[in-house]
Amino acid sequence: MPKKLKIAFYGVWPEMKDYVRSKMSGFSVAISNEKISETNVSTDADVLAVFVEIPVTKKIIEKNTHLKMIATMSTGFDHIDLAAAKANKIPVCNVPTYGENTVAEHAMALILGLTRKLFPSVKRVKEGLYDFHGLRGVDLKGKTLGVIGTGHIGAHLIKMASGFEMNIIAYDAFPNKDLEKKLGFKYTTLNKLLAQSDIISLHTPLLPATHHLINKENIKKIKKGAYLINTARGALIDPEALVWGLQSNQLAGAGLDVLEDENLIQNYEQIISCSNDECKIKTTLLNNIIIDHPNSIVTPHNAFNSAEAIQRILDVTIENIKSFAKGKVINDVTVSKK
Ligand code: NAI
């Protein structure tokens, strides 16, 4: 291992640069706020540090023959070709717990935004009409919240929902019985959760097993008039199913911080210039229908974005890199924990 590791940061916003540099003395550091691509990627960096919206493809991994570690400044790691990293024995280190309250608070904001018709209410007043007619919402107290994925973020949302006096049920592929007892919710099957919940909130990682977890078949099993919240990953929901759910009023509303192939929204040049199998024209059209629907609230993958969370993200990423430099790999997601 070279004495002075070269670290290439991508997607780092200008206001963070000084902080990162101040913490990385002893390393050779290159900081860019650009997105990484196969043409601009540093080919002599020992470590690539990237934000979540930056895909690290097989080609990028293979092009950089010096690469020894990838640090992702996020919890999710589906933007990184994990198989290629594993094949090249490159650890991929994430930030496991920076935002359990941060993301759960955003999920709760989406829930309240929908159930209290916050956006049409604000819009109406801003347009000069001070009138509540047609803006009736629903209480959370006494309603059933179905949490899919009871890890860090899901568990935090459960705690908050208890404060609202909601009934809480949950589904997880790996139920945590101690947590169930401690927080006073009940695990159930996915189908029962869909049938019984007034509000469903998704908090699982995007894996082959969770891709289109909500799909054309099981969206029909959702209780008529329920709200669907997704702050995890867009591809957990089949967008075609979601459009059907909204247009048929099966869903009263959807609160989404993430969309499938969200990187293509408003990036139409990329869609036009891509080769056939990469083209996501249909998904992009469906996303626009979802965004424009009056019963949806869509935020631009912003749930992580609080001042406190960003500080924690940077600190854990820097710790991941420094620990790797000392020969101890921590938070490596290429090593299965379950
Ligand atoms: P976590 O790893 O603590 O919890 C995930 C839970 O999902 C675990 O309890 C796990 O057992 C469960 N799970 C795994 N596979 C499953 C399956 N097949 N079916 C059902 N449950 C399954 O993760 P955490 O910290 O709660 O984050 C959840 C997700 O939130 C992340 O993977 C990430 O994609 C997303 N996220 C989104 C952010 C945003 O800005 N919108 C920010 C941070 C995370």
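Colleague: Which residues form one aromatic cluster?

Modeller: Trp13, Phe51 and Phe304 form that cluster. Please note that the model is predicted, so local features need pLDDT of at least 70 and side-chain atom pairs pLDDT 80 or more, while totals for chains, interfaces and linings use all residues. Residues are numbered from 1 along each chain as its sequence is written, and side-chain values use heavy atoms, without hydrogens or water.

Colleague: How many aromatic pairs are there?

Modeller: Rings of Phe, Tyr and Trp (its six-membered ring) pair if their centres lie within 6.5 Å; planes under 30 degrees apart are stacked, over 60 edge-to-face, and the rest tilted. By this rule there are 3 aromatic pairs. Trp13 and Phe51 are stacked because their ring centres are 4.9 Å apart and their planes stand at 25 degrees. Trp13 lies in the loop between strand E1 (6-10) and helix H1 (14-23), and Phe51 in the loop between strand E3 (47-50) and helix H2 (58-63), so the pair ties together parts 38 residues apart in sequence. Helices (H or I, at least four residues) and strands (E, at least two) are DSSP runs, numbered from the N terminus.

Colleague: Is Phe51 buried or exposed?

Modeller: Buried means under 20% relative accessible area, exposed over 50%, and partly exposed in between (1.4 Å probe, protein chains only). Phe51, at 1%, is buried, whereas Trp13, at 26%, is partly exposed.
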